[in-house]
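Here is my note on this entry, written for someone who has not seen it before. Please keep the viewer open and follow the points in order.

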Amino acid sequence: KPPLLEVNDLKKHYRIAGGLFGGKPSFVYAVDGVSFTVDRGETLSLVGESGCGKSTVGRAVLRLFDITSGQVVLDGQRMDDASKDALRAFRRRVQVVFQDPFSSLNPRMKVRDILAEPIHNFGLASSSADVEARVGKLMDLVGLPREAVKRFPHEFSGGQRQRICIARALAAEPELIVCDEAVSALDVSVKAQIVNLLQDIQRELGLALLFISHDLAVVEHMTHRVAVMYLGKLVEVAPKRELFGRPRHPYTQALLSAVPQPEPGAKRERIILKGDVPSPVNPPKGCRFHTRCPYAFERCTKEEPELRLGDNEHWAACHLNDRPDAENPLTAASH
Ligand code: SF4
Ligand code: MG
């Protein structure tokens with residue numbers, strides 16, 4: 001059986017105008033050859049600093065724009081060149097929850113109508129009684145009182161509004177939900193509630209989540225696997241324990257070093273990267289991370305490392321992993 005979602009060599013390049021005096025147009029390499037899969041019932045988190053291209057990957061998976069090249073495959077069916085009918089089915093099966101529940105809910109619609117809309121659009125209910133029953137069940141699922149369907153979005157708190165967005169996504173009976181910074185705007189305690197809600201719903205319904213986030217503490221709490229992006233490329237993909245326990249890429253190590261540790265004994269030394277993330281208009285040759293990598297050596301400036309599979313389903317794109325563990329600073333440091 002094919003994975004639920006398969007993304008193959010996805011590229012999204014934007015053309016930008018050639019400057020004030022009419023120079024040559026240039027391209028932004030926002031996503032530059034990204035491949036991954038998401039299984040049924042699985043959470044894959046896509047992490048990285050803002051501007052790394054992770055939201056663009058999410059939007060490409062949602063088919064919110066045409067991709068430059070590559071494939072987006074749902075359940076064995078290619079969606080990047082699908083017919084209108086196939087696309088319609090796809091739009092039901094893949095739903096989204098965005099960061100900002102304020103702007104993503106129509107302020108003039110009551111919650112009841114917000115939830116009934118996808119039910120109608122995708123022809124999921126057999127009668128108006130069925131619509132009402134479904135709306136009621138959705139409110140139960142996200143932990144909101146059924147009477148609240150008569151209210152408007154502004155009458156709810158931020159966390160409650162995000163529950164409404166989740167209910168709206170669920171109304172379509174999706175198999176995959178793309179969560180783009182879905183809890184990032186919420187207060188810490190509310191954040192934990194919404195993350196737990198997403199996990200409960202996932203288990204109950206067997207949903208897959210593509211969880212896009214810059215917040216590694218949240219990711220560590222709720223994900224199965226993690227994919228790390230830097231400047232439009234994946235640098236590491238691994239099961240959670242592997243990635244957090246023995247990162248195989250210097251960029252991942254630096255990101256993890258900034259995550260607060262709950263146990264005082266388990267402190268990681270903070271790694272401060274030099275410089276800023278380079279522009280995706282003209283990314284560095286060789287390894288894109290070499291301008292900031294504390295371990296960069298000559299080969300890194302010339303040859304681009306491929307994402308390669310190591311043991312324990314652990315993928316990494318770094319030349320250091322060609323060395324034996326004892327001579328690899330990434331693995332030697334943890335012994
Ligand atoms: Fe650093 Fe070289 Fe590995 Fe890139 S390939 S992450 S520059 S050591
Ligand atoms: Mg983003």
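1. A cut-off comes first. A residue is called buried if 20 or more other C-beta atoms lie within 10 Å of its own. Leu231 has 24 other C-beta atoms within 10 Å, so Leu231 is buried. Find Leu231 in the loop between E9 and E10. Its backbone deserves a look too: phi of Leu231 is near 45°, a positive value in a residue other than glycine.

2. Keep in mind that this is a predicted model. The mean pLDDT of the protein chain is 93. Of its residues, 96% reach 70 or more. For the complex, the predictor gives an ipTM of 0.95 and a pTM of 0.94.

3. Now the overall form. The protein chain has 11 helices and 12 strands. Along the principal axes, its C-alpha atoms fill a box of roughly 70 × 55 × 45 Å. Buried residues make up 38% of the 335. Among contacts with a separation of 6 or more, 63% join residues 24 or more positions apart.

4. Turn to the sheet of eight strands. What is the order of its strands? This open sheet runs E6-E7-E8-E3-E9-E10-E12-E11, and its pairing is mixed. Strand E6 (94–97) and strand E11 (308–309) stand at the edges. Each has a single partner strand, so one side of each is left without a neighbour in the sheet.

5. How many of the five residues of strand E7 (residues 176–180) are buried? Five of the five are, so E7 is largely enclosed by the rest of the structure. In a regular strand the side chains alternate between the two faces of the sheet. In E7, Leu176, Val178 and Asp180 point one way, while Ile177 and Cys179 point the other way. All of these are buried, Asp180 included.

6. Look at the neighbours of E7. E6 and E7 run parallel and are joined by four bridges. There, Val97 stands opposite Cys179 in E7. E7 also pairs with strand E8 (residues 208–213), in the parallel sense, over five bridges. The bridge partner of Ile177 in E8 is Leu209.

7. The pairing of E9 with E10 is antiparallel. Strand E9 (residues 225–230) and strand E10 (residues 233–239) run antiparallel, with six bridges between them. Met229 stands opposite Leu234 in E10. Leu231, from point 1, belongs to the loop between these strands.

8. There is also an open sheet of four strands. Its order is E2-E1-E4-E5, and the pairing is antiparallel. Strand E2 (26–38) and strand E5 (77–78) are the edge strands, each pairing on one side only. E1 is joined to E2 by 10 bridges. Within that pair, Leu10 has Val34 in E2 as its bridge partner.

9. Check Asp9 while you are there. Asp9 is found in strand E1 (residues 5–16). Is Asp9 buried or exposed? It is exposed, with 11 other C-beta atoms within 10 Å. Phi of Asp9 is near 45°, again a positive value in a residue other than glycine.

10. In helix H1 (residues 54–61), seven of the eight residues are buried, so H1 is largely enclosed by the rest of the structure. Those buried in H1 include Lys54, Ser55 and Thr56, along with Val57 and Gly58. Just after H1, Arg63 takes a positive phi of about 60°. Helix H7 (residues 216–222) holds His221. With 14 C-beta neighbours inside 10 Å, His221 counts as partly exposed. From His221 to Leu64 is 29 Å in space, C-alpha to C-alpha, and 157 residues in sequence.

11. Finish at the ligand. Which residues are closest to ligand 1? They are Cys287, His290, Cys293, Cys300 and Cys318, out of 13 residues that surround ligand 1. By class, this shell has 10 nonpolar and three polar residues. It has no charged residues.

How values were computed:
Residues are numbered from 1 along each chain as its sequence is written. Chains are lettered from A and ligands numbered from 1 in the order in which they are written. This is a predicted model: local features need pLDDT of at least 70, side-chain atom pairs count only at pLDDT 80 or more; totals for chains, interfaces and linings use all residues. A residue is near a molecule or strand if its C-beta atom, placed from the backbone, lies within 6 Å of it. Ala, Val, Leu, Ile, Met, Phe, Trp, Tyr, Cys and Pro count as nonpolar, Asp, Glu, Lys and Arg as charged, and the others, Gly among them, as polar. Helices (H or I, at least four residues) and strands (E, at least two) are DSSP runs, numbered from the N terminus. A residue is buried if 20 or more other C-beta atoms lie within 10 Å of its own, exposed if 12 or fewer, and partly exposed in between; C-beta atoms are placed from the backbone. Two residues are in contact if their C-beta atoms, placed from the backbone, lie within 7 Å. pLDDT is the predictor's confidence in each residue, from 0 to 100. Two strands pair if DSSP finds at least two bridges between them.
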